[in-house]
Amino acid sequence: MSSPPGRGRPFLPGSALRDATKTSFHRSQTLDYRNGCAFFRLPTVGIGGEQLHVNQLSEAELDELSSIRPTLTYGQAKRAPPSDFIPAYVAFDKKILKFDAYFQEDVPLSAEEHYRIRQVGIYYYLEDDSMSVMEPVVPNSGLPQGKLIRRQRVPKNEHGDHFHWKDLNRGMNITMYGRTYRIVDCDPFTQVFLQSQGIELNPPEKMVFDPYTELRRMPLRKYITPSDFDQLKQFLTYDKQVLRFYAIWDDTNSMFGEKRPYIIHYYLADDTVEVREIHEHNDGRDPFPVLIKRQRLPKTFVDKKTTFPSCVLEISDQEVLEWYTAKDFAVGKSTTLLGRPFFIYDCDEFTRNFYRDKFGITDFQPVDIRKKPLEEVPQVLQVIPPYNGFGFLEDSLQNCFSLLPKPPRKDVIKMLENDHKVLRYQVALESPNPEDRKRRFILSYFLSNDMISIYEPPVRNSGIIGGKYLGKTRVPKPGSTTENATYYEPSDLTIGSTVEVFGHRFVITDADEYVLNYMESNAESFPAATLQSLRDHFRPRDSPIPETRKQELDELIVQVQEELKLHNYLNNRNIQEKFHQRDQDGSGILDKGEFLALCNSLNVPTSNVLVNKVRRKWGQAQIAELAH
């Protein structure tokens with residue numbers, strides 16, 4: 001073995017010989033990447049490729065030797081600071097490996113395809129070794145597409161291992177969650193990264209496409225015989241010429257149906273039809289102007305099976321045997337457009353001229369579609385049941401005329417004019433019971449609705465609870481029937497008159513001055529007798545008593561005194577004192593009610609005949625002194 005040149009000589013200046021045959025002086029590469037990490041390896045050859053025969057030490061041994069120095073001379077050696085640690089989620093942030101793949105899916109229930117090819121993209125995230133599978137969304141495909149496997153660490157086997165980027169390569173099958181994907185290619189970044197890590201990539205494969213989808217993309221061959229009809233000539237001749245028909249759709253046979261007017265437009269340029277709705281003022285319908293948009297309308301379809309789902313498919317020329325044309329529309333005839341019958345009752349002047357020149361039709365007599373008046377149906381005679389006493393008579397009577405009774409109409413003007421106007425009277429109860437004859441009531445007559453209410457003022461130590469005796473209601477007169485109901489009116493309420501309220505008789509003994517003022521201001525609405533009774537009651541001393549009436553009154557007093565003499569057990573002095581005590585103003589006149597109450601308290605018998613005579617002779621229903 002020959003020794004290299006200059007070997008054995010001292011390495012001193014002038015003793016070294018240069019090898020003239022040596023032409024390469026470069027240093028060998030000592031830096032490399034392994035498993036994604038940069039590392040330093042020991043050189044095996046020297047400068048120019050010369051073989052090194054020194055002891056091949058490891059990197060750790062060389063580092064240790066380089067740091068050892070004579071501690072006696074130079075002291076303790078200083079170690080170099082360690083390099084900064086960079087975590088994986090920082091080093092590989094937003095670095096994703098993308099592989100193009102596909103998988104095959106069986107289609108068992110189809111006669112046109114047996115399997116389906118679905119293309120996907122497999123994404124590997126280097127920062128956390130997670131994976132996701134995404135399928136591009138195809139519009140109107142009917143398949144659940146998009147994210148097939150969400151981002152996660154995908155298990156590799158049953159031992160708990162997960163897929164790593166070292167397990168991915170082109171031209172291989174990978175099974176995730178029971179579905180096998182075929183990886184055919186990857187993007188340039190993925191290719192550079194895998195090659196930098198020492199992975200040898202397989203050659204790329206061609207992407208496989210779905211055969212059924214490719215078949216659908218191929219145009220169907222159609223054999224259509226050219227027609228002699230020139231559509232361009234039709235468009236140029238009849239452009240902007242439209243036939244207008246006035247039609248009506250009769251939908252009265254259905255629930256809540258009615259007759260609705262429409263306008264049918266027939267465009268001569270392309271044989272299309274449009275139906276527009278006519279809206280009237282306050283018709284209660286949404287303002288949709290178009291019922292059927294402009295389109296060709298089929299008249300006759302090709303015979304097909306009843307199971308063919310034509311309701312969900314678009315109509316093509318292969319399914320229609322005949323389309324609607326201008327000769328299918330005529331005044332006075334019905335035309336069915338998309339299942340709706342339209343009756344054409346008129347057209348415009350241009351349409352008349354077109355049909356007259358084109359088809360020779362001259363009969364354009366409009367059809368009268370105005371609504372006929374409804375025939376009055378005679379009401380069947382029915383027996384109205386008797387009034388049961390619940391509610392008002394007019395309100396209860398509505399149940400006999402309709403299943404949905406309506407409240408009776410009210411006189412609103414009368415209610416507004418007479419609102420809060422009430423006529424009040426003082427009444428006494430006619431009763432065989434002496435305790436009831438002493439009771440006094442307030443009768444209120446409401447002018448707004450002709451209702452009456454009765455209130456009893458509470459009297460202390462009377463033993464009777466006062467309060468509302470009768471709520472607001474309309475009181476019928478005696479002899480009133482359900483067929484001819486008559487109610488009490490203000491003209492019926494005079495001083496001294498009797499009011500029968502549901503079987504109870506009340507005698508009017510007094511009234512408010514407002515009653516007199518109201519009746520005088522509206523004298524034309526009340527009888528003279530009613531007005532005169534109130535005037536005599538409130539103004540008894542305005543006019544002197546006539547001599548004839550005074551004589552008649554004296555005769556009645558004598559009759560009363562003789563009637564009292566028949567009862568010897570009465571104490572006349574005591575009676576006289578009681579009457580004087582009750583006559584506080586010293587007028588010598590007592591009200592009829594007070595007179596009767598005082599007689600009952602003194603056990604003085606009273607004759608209704610004599611009392612009524614005094615009341616008729618003495619207009620105020622008042623009685624003079626009877627104790628003398």
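The model is a predicted one. Its chain has 16 helices and 24 strands, and 27% of its 628 residues count as buried. Among contacts between residues at least 6 apart in sequence, 48% join residues at least 24 apart.

**Helix H12**

- The buried residues of H12 are Thr530, Leu531, Ser533, Leu534 and His537.
- These residues cover an arc of only 160° around the axis, so they are on the same side of H12.
- An α-helix has 3.6 residues a turn, so residues three or four places apart point the same way.
- The partners of the buried residues of H12 are S22 and H11, against which they pack.

**The nonpolar cores**

- The largest nonpolar core has 27 residues, and Tyr425 and Ile454 touch the most other members.
- At least two residues of this core come from each of these strands: S17 (422-430), S18 (440-446), S19 (451-456), S21 (498-501) and S22 (504-511).
- Helix H11 (513-521) and helix H12 (528-538) also supply at least two residues each.
- Ile454 is in contact with Phe441, Ile442, Leu443, Lys468, Tyr469, Leu470, Val501 and Phe506, leaving aside neighbours within four places in sequence.
- A second, separate core has 24 residues, including Ile122, Val133, Leu168 and Leu194.

**Strand S19 and its partners**

- Five of the six residues of S19 are buried, which leaves the strand mostly covered.
- S19 pairs with S18 in the antiparallel sense, over five bridges.
- In this pairing, Ile442 stands opposite Tyr455 in S19.
- Four residues lie between S18 and S19, which form a hairpin; Asp450 in the turn has a positive phi of about 60°.
- S19 is also joined by four bridges to strand S20 (residues 467-473), and the two run antiparallel.
- Here Glu456 stands opposite Gly467 in S20.
- In a regular strand the side chains alternate between the two faces of the sheet.

**Strand S16 and its partners**

- Strand S16 (residues 340-347) is joined by four bridges to strand S9 (residues 242-250), and the two run antiparallel.
- Ile248 stands opposite Phe343 in S16.
- Strand S15 (residues 334-337) is antiparallel to S16 as well, with four bridges between them.
- Leu337 stands opposite Arg340 in S16.
- S15 and S16 form a hairpin with two residues between the strands, and Leu338 takes a positive phi near 55° there.

**The ends of helix H6**

- Asp230 caps the N-terminal end of helix H6 (residues 231-238).
- In this cap, a side-chain oxygen of Asp230 lies 3.2 Å from the backbone nitrogen of Leu232.
- Just after H6, Lys240 takes a positive phi of about 65°.

- Thr351 lies in helix H7 (residues 349-358).
- Thr351 has a relative accessible area of 0%, so it is buried.
- Not counting residues up to four places away in sequence, Thr351 touches Leu243, Arg244 and Phe245.
- Asp161 is in the loop between strand S6 (146-152) and strand S7 (172-176).
- Asp161 is in contact with Val154, Pro155 and Lys156, leaving aside neighbours within four places in sequence.
- The side chains of Asp161 and Asn157 are joined by a polar contact of 3.2 Å.

**Cysteines**

- A disulfide is a covalent bond between the sulfur atoms of two cysteines.
- With a cut-off of 2.5 Å between cysteine sulfur atoms, the count comes to zero disulfides.
- Cys186 has a relative accessible area of 9%, so it is buried.
- Cys400 has a relative accessible area of 23%, so it is partly exposed.

Terms used
Residues numbered from 1 in each chain as written. Predicted model: local features only at pLDDT ≥ 70, side-chain atom pairs only at ≥ 80, totals over all residues. Heavy atoms only, no water. Buried < 20%, exposed > 50% of the residue type's maximum accessible area, 1.4 Å probe, protein only. Core = buried A, V, L, I, M, F, W, Y, C linked by side-chain atoms within 4.5 Å. Contact = heavy atoms within 4.5 Å. Arc of directions from axis to C-beta. Pairing = 2+ DSSP bridges. Polar contact = N/O pair within 3.5 Å; in protein donor to acceptor, adjacent residues only side chain to side chain.
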